[in-house]
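Please look over the structure below before reading on. The briefing that follows goes through it topic by topic.

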Amino acid sequence: MKQAKKEGIQKDNSPHDILTQFMVEQNMRKTPERYAILDVITQMKGHHSADEILAMMPENFHVSRGTIYSTLALLVECGLMFNHMTDGATLYEYAYGRPAHHHYICTGCHRIWDLQDTSIEVAASKVKTPRFKKLRCNTYIYGICNVCQAKLARLKKKMEKEKQASMTREEKR
């Protein structure tokens, strides 16, 4: 039911209009906290945790962690934000006006990078999905970024040196 209402929201409306319309349709209160959080996320670049978003709030505008989480869930539900689950953490990304895109996720440092590749959408559009309406495609490619690769290489080299230093003469032969 909520999905059908979500699809009816005008895409040419401002984020404030979209949030207001969604809250009216869902009989929700239009609180200043929800609009303040929306204002912060409209300025946000990249992917952030709820705690990072909480830290971005103006000092003179106090909101609880619970309010942040419930508002972020609301913003995801009305299509203004994307949420990405990564190794036990949820990261949020501003979605309004963003084209479909995919992500690289480093399993070492947990950073996320955007990946623009239309071939993924083309492949997904060819997949037959009987009795299922595809709304969007989101792909995550997990790996190790170049910074983490370099750290691992240095660590491996260090461990090899330590192993060599602790070996006896007979073990070295």
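Is Tyr 140 buried, partly exposed or exposed? Tyr 140 is partly exposed, because its relative accessible area is 25%, and buried would require under 20%. Keep in mind throughout that this is a predicted model.

**Aromatic pairs**
- The whole structure holds two aromatic pairs.
- One of them joins Tyr 94 and Tyr 96, with 6.4 Å from centre to centre. The angle between their planes is 35°, and the pair is tilted.
- Tyr 94 is buried, at 12% relative accessible area.
- Planes under 30 degrees apart would count as stacked, and over 60 as edge-to-face.
- Tyr 142 has a relative accessible area of 45%, so it is partly exposed. The cut-off for exposed is over 50%.

**Cysteines**
- How many disulfides does a search of the whole structure find? The search finds zero.
- Cys 109 is in no disulfide. The nearest cysteine sulfur belongs to Cys 106 and is 3.7 Å away.
- Cys 109 is partly exposed, with 33% relative accessible area. Cys 145 is buried, at 11%.

**Strands E1 and E2**
- Strand E1 covers residues 81-86, and strand E2 covers residues 89-94.
- The two strands run antiparallel and are joined by six bridges.
- Which residue in E2 is the bridge partner of Asn 83? The partner is Tyr 92.
- The hairpin of E1 and E2 has two residues between the strands. In this hairpin, Asp 87 takes a positive phi near 40°.

**Positive phi in loops**
- Most residues other than glycine have a negative phi. The residues below depart from that pattern.
- Asn 27 has a positive phi, near 55°. Asn 27 sits in the loop between helix H2 (15-25) and helix H3 (32-42).
- Is Asn 27 buried or exposed? Asn 27 is exposed, because its relative accessibility is 73% and the cut-off is over 50%.
- Arg 131 has a positive phi as well, near 60°. Arg 131 belongs to the loop between helix H6 (118-126) and E5.
- Arg 131 counts as exposed, with a relative accessible area of 88%.

**Nonpolar surface patch**
- Which residues form the nonpolar patch on the surface? They are Ile 144, Leu 152, Leu 155 and Met 159.
- Together these four side chains have about 370 Å² of accessible area.
- Ile 144 lies in the loop between strand E5 (140-143) and helix H7 (146-166).
- Ile 144 is partly exposed, at 37% relative accessibility. Patch residues need over 30%, so Ile 144 passes that cut-off.

Note on methods: Residues are numbered from 1 along each chain as its sequence is written. This is a predicted model: local features need pLDDT of at least 70, side-chain atom pairs count only at pLDDT 80 or more; totals for chains, interfaces and linings use all residues. Side-chain values use heavy atoms; hydrogens and water are left out. Two strands pair if DSSP finds at least two bridges between them. Helices (H or I, at least four residues) and strands (E, at least two) are DSSP runs, numbered from the N terminus. Patches are made of residues with over 30% relative accessible area and no salt bridge: like charges are joined within 9 Å, nonpolar side chains (Val, Leu, Ile, Met, Phe, Trp, Tyr) within 5 Å. Accessible areas come from the Shrake-Rupley method with a 1.4 Å probe; for residues, only the protein chains shown count as cover. Buried means under 20% relative accessible area, exposed over 50%, partly exposed in between (1.4 Å probe, protein chains only). Rings of Phe, Tyr and Trp (its six-membered ring) pair if their centres lie within 6.5 Å; planes under 30 degrees apart count as stacked, over 60 as edge-to-face and the rest as tilted. A disulfide is a pair of cysteine sulfur atoms within 2.5 Å.
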